[in-house]
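Q: Could we go through this protein together, one part at a time? I would like to begin with a helix.

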Amino acid sequence: MKKYLLIIALFVLQTIFSQNNTSTYYFIRHGEKIDNSKNPDLSKSGYERAIMWNDLFADIQFDVIYSTDYKRTIQTVSPTALSKNISITKYNPKATETFKKDNLGKKVLIVGHSNTIPSFVNQIIGQKKYSDIEDDVFGNLYIVTLLDDNVSSQLLKLK
């Protein structure tokens with residue numbers, strides 16, 4: 001039921017903010033990793049989550065997809081990128097100064113980490129609203145919409 005409500009909410013947001021000067025960002029954390037090494041692959045659960053994200057984003061027409069340069073983030077976003085035939089653009093989560101300008105009017109998917117995603121969202125919205133994601137939480141979806149000077153953000157917590 002939550003999945004269907006989320007999908008409806010995403011479509012409503014897309015419809016409301018479908019003007020060309022509207023930027024919509026979808027931020028997610030990578031899926032579950034196989035271990036705590038420096039650059040691990042996704043676990044079985046992580047791969048299942050990557051498929052879940054792909055299913056959830058099936059009807060969203062992204063213009064660009066960003067990922068940090070780690071196996072777990074790239075593996076998380078790969079099913080979505082492949083299904084949409086979009087190359088994954090690697091980004092540095094600490095270099096966000098020109099991000100809004102570079103993605104003006106676009107629908108963007110950004111995949112990062114428990115400490116980088118909330119920080120990135122906070123920078124985009126211009127306030128300290130979200131804290132780091134707990135280590136065992138992988139289903140947060142942050143949606144940020146910018147329309148001229150108006151900013152809206154929401155956090156959807158999926159399993």
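Q: Which residues of α5 are buried?
A: In α5, the buried residues are Thr 116, Ile 117, Pro 118, Phe 120, Val 121, Asn 122, Ile 124 and Ile 125. Buried means under 20% relative accessible area, exposed means over 50%, and partly exposed lies in between (1.4 Å probe, protein chains only). Helices (H or I, at least four residues) and strands (E, at least two) are DSSP runs, numbered from the N terminus.

Q: What kind of model is this, and how are residues numbered?
A: This is a predicted model, in which local features need pLDDT of at least 70, side-chain atom pairs count only at pLDDT 80 or more, and totals for chains, interfaces and linings use all residues. Residues are numbered from 1 along each chain as its sequence is written, and side-chain values use heavy atoms, with hydrogens and water left out.

Q: Back to α5: what covers its buried residues?
A: The cover includes β1 (22–29), α4 (99–102), β4 (107–112), β5 and β6. Eight of the ten residues of α5 are buried, and the helix is thus mostly covered. Just after α5, Gly 126 takes a positive phi of about 75°.

Q: How many helices and strands are there in the protein?
A: The protein has five helices and six strands. Along the sequence they follow the pattern α-β-α-β-α-β-α-β-α-β-β. Of its 159 residues, 50% count as buried.

Q: New topic: how many salt bridges does a search of the whole structure find?
A: The search finds three salt bridges. A salt bridge is a side-chain nitrogen of Lys or Arg within 4 Å of a carboxyl oxygen of Asp or Glu.

Q: Which side chain does Arg 49 meet in a salt bridge?
A: Arg 49 meets the side chain of Glu 32, at 2.9 Å from N to O. Arg 49 lies in helix α2 and Glu 32 in the loop between β1 and α2, so the pair ties together parts that are 17 residues apart in sequence.

Q: Are those two buried or exposed?
A: Both Arg 49 and Glu 32 are buried.

Q: What does Ser 43 touch?
A: Leaving aside residues up to four places away in sequence, Ser 43 touches Glu 32, Lys 33 and Ile 34; contact means heavy atoms within 4.5 Å. Ser 43 sits in the loop between β1 and α2 (44–56). Ser 43 is buried, because its relative accessible area is 15%.

Q: And what about Glu 48 and Lys 44: how far apart are they in helix α2?
A: They are four residues apart in helix α2, so about one helical turn separates them. Glu 48 is partly exposed at 45% relative accessibility, whereas Lys 44 is exposed at 66%.

Q: Which residue forms a salt bridge with Lys 90?
A: Lys 90 forms one with Asp 69, and the closest N and O atoms are 3.8 Å apart. Lys 90 lies in strand β3 and Asp 69 in the loop between β2 (64–67) and α3, so the pair ties together parts that are 21 residues apart in sequence. Asp 69 is exposed, with a relative accessible area of 52%.

Q: One last topic: where does Asn 85 lie, and what is its phi near?
A: Asn 85 lies in the loop between α3 (71–84) and β3 (88–90). Its phi is near 55°, a positive value in a residue other than glycine. Asn 85 counts as exposed because its relative accessibility is 73%.
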